[in-house]
Amino acid sequence: MNVSILNLLPIKQGGDAKDAIDAAIRLAKFAEDIDIKRYWIAEHHNMKNLASSATQLIIAHILEHTKSLRVGSGGVMLPNHSPYSIAEQYATLETLYPNRVDLGLGRAPGTDLETAAVLRRGAREMEFNMQINELMDYFNAKRAVKAYPKVDKIPPIYILGSSIYSAYVAAEFGLPYAFASHFAPRALEKAVEIYRQNFKPSPFLKAPYIIAGANVIIAQSDELAKSLATTQTQFFLNVVTGEKEYLQPPKRDNDEVFAKSGKAGAQTPHFGPIDFRQIELKNRERSVTEEMMACSFIGSKQSVKEQILEFQNRLAVDEIMAQSFIFDEKAQFDSFGALKEITDQI
């Protein structure tokens with residue numbers, strides 16, 4: 001079973017954006033050393049606690065500091081950009097680092113609506129599938145305007161999504177499908193079913209290929225892993241409440257995390273399609289936060305192996321893309337190393 005890494009470049013309490021970027025490089029080198037399948041950078045904007053806004057620049061920086069690791073976007077939020085500019089940028093990356101670049105495409109803004117309006121100022125409103133077609137046309141020189149530098153082999157394209165809509169798009173194009181179950185797991189099983197049922201073989205892919213996002217935290221014991229995972233809980237709680245605190249050290253347990261919460265607004269956070277109105281106000285923060293984290297593998301190596309086997313018995317995905325909000329870098333590396341050992345056996 002393949003395993004890969006998703007990195008949002010979170011800025012830790014006491015650190016800054018440069019520290020987060022440097023940490024991303026160290027993690028990429030470690031990922032390369034243990035033969036991780038791929039390493040993707042997410043696109044988010046107007047988030048003071050994340051250093052991944054200029055995603056293409058971060059990808060180029062990581063490619064420059066590694067030798068063989070596949071690096072890509074998880075993903076480019078295509079409505080934020082001109083498809084022509086993305087074609088130029090990723091053709092350039094492919095020219096500089098051949099056969100090492102992935103192009104994951106999503107349609108969410110990766111930010112709040114006000115920031116999305118600034119990003120998309122003057123842009124034409126187009127359906128996501130039309131934008132994908134336009135992007136491919138530039139890569140394949142099928143329009144009067146060409147994207148240079150011309151590449152013999154375009155970077156592999158992946159469709160990202162957190163709803164069933166994206167499953168239909170990925171299936172129609174015959175492209176690999178990456179589902180954002182690490183923060184929006186509700187529709188995962190239905191989306192996988194739709195993708196498989198509707199998949200059309202293409203020049204890019206002959207059979208369905210599914211990547212499932214998951215939060216993974218592995219430690220020496222279940223108790224230690226659960227404690228380390230409170231950093232993740234605090235991160236997602238910030239998303240729910242609209243706070244943008246820097247990545248926090250772990251607490252004793254989740255009860256301690258939620259004991260001081262109480263700031264949730266009335267609107268759904270832009271990170272995931274969860275309707276606050278379905279949840280009682282007094283339970284809103286914890287309920288929504290726990291729902292966002294539902295696709296998490298947390299525990300000792302043996303416990304996580306059992307969790308992943310159960311997950312695979314239900315879904316049989318081709319790849320797990322792991323996100324790991326662990327405050328201590330060594331503990332994070334140990335967790336990814338343990339995950340690689342587990343997936344090598346599955």
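At what angle do helix α5 and helix α6 pack, and how far apart are their axes? Helix α5 (residues 128-139) and helix α6 (residues 164-173) pack at an angle of about 35°, and their axes are 11 Å apart; axes here are lines fitted to C-alpha atoms, for helices over the stretch in contact, and angles run from 0 to 180 degrees between N-to-C directions. The structure is a predicted model, in which local features need pLDDT of at least 70 and side-chain atom pairs count only at pLDDT 80 or more, whereas totals for chains, interfaces and linings use all residues. Residues are numbered from 1 along each chain as its sequence is written, and side-chain values use heavy atoms, with hydrogens and water left out. Helices (H or I, at least four residues) and strands (E, at least two) are DSSP runs, numbered from the N terminus.

- By class, the contact of α5 with α6 has six nonpolar residues, two polar ones and no charged ones; Ala, Val, Leu, Ile, Met, Phe, Trp, Tyr, Cys and Pro count as nonpolar, Asp, Glu, Lys and Arg as charged, and the others, Gly among them, as polar.
- Helix α12 (residues 301-315) packs with helix α13 (residues 329-344) at an angle of about 50°, and the axes of these two helices lie 10 Å apart.
- The helices α12 and α13 are therefore oblique to each other, since angles under 35 degrees count as roughly parallel, over 145 as roughly antiparallel, 65 to 115 as roughly perpendicular and the rest as oblique.
- The crossing of α12 and α13 is right-handed.
- K301, V304, K305 and I308 in α12 meet A338, L339, E341 and I342 in α13, and by class this contact has five nonpolar, no polar and three charged residues.

- Helix α13 has 16 residues and reaches 23 Å from its first C-alpha to its last, close to the 22 Å expected at 1.5 Å a residue; the expected span is 1.5 Å times one less than the number of residues.
- Among the buried residues of α13 are F333, F336, L339 and I342, where buried means under 20% relative accessible area, exposed means over 50%, and partly exposed lies in between (1.4 Å probe, protein chains only).
- The cover over the buried residues of α13 includes β1 (2-7), α1 (17-33), β7 (210-218), α8 (222-228), α12 and β9 (319-323).
- Helix α1 should span 24 Å for its 17 residues at 1.5 Å a residue, and its end C-alpha atoms are 25 Å apart, which agrees.
- Buried residues of α1 include A20, A24, L27 and F30, and the buried residues of this helix pack against β1, β2 (38-41), α2 (55-64) and α13.

- N7 is found in strand β1 and counts as buried because its relative accessibility is 9%.
- Not counting residues up to four places away in sequence, N7 touches A24, L27, Y39, W40, I41 and A42.
- N49 lies in the loop between β2 and α2, and its relative accessibility of 3% is why N49 counts as buried.
- With residues up to four places away in sequence left out, N49 touches L9, P10, I11, F235, K244, E245 and Y246.
- The C-alpha atoms of N49 and G15 are separated by 10.0 Å, although these residues are 34 residues apart along the chain.

**Backbone features**

- Most residues other than glycine have a negative phi, and most peptide bonds are trans.
- The peptide bond from G74 to G75 is cis, with omega near 0°, and G75 is found in strand β3 (residues 70-77).
- The peptide bond from Y148 to P149 is also cis, with omega near 5°, and P149 has its place in the loop between α5 and β5 (157-161).
- D35, in the loop between α1 and β2, has a positive phi near 65° in a residue other than glycine, and D35 counts as exposed at 58% relative accessibility.
- N99, in the loop between α3 (83-96) and β4 (101-106), has a positive phi of about 65° although it is not a glycine, and N99 is partly exposed, with a relative accessible area of 45%.

How values were computed
Left-handed = near helix turned anticlockwise from the far one by under 90°. Contact = heavy atoms within 4.5 Å.
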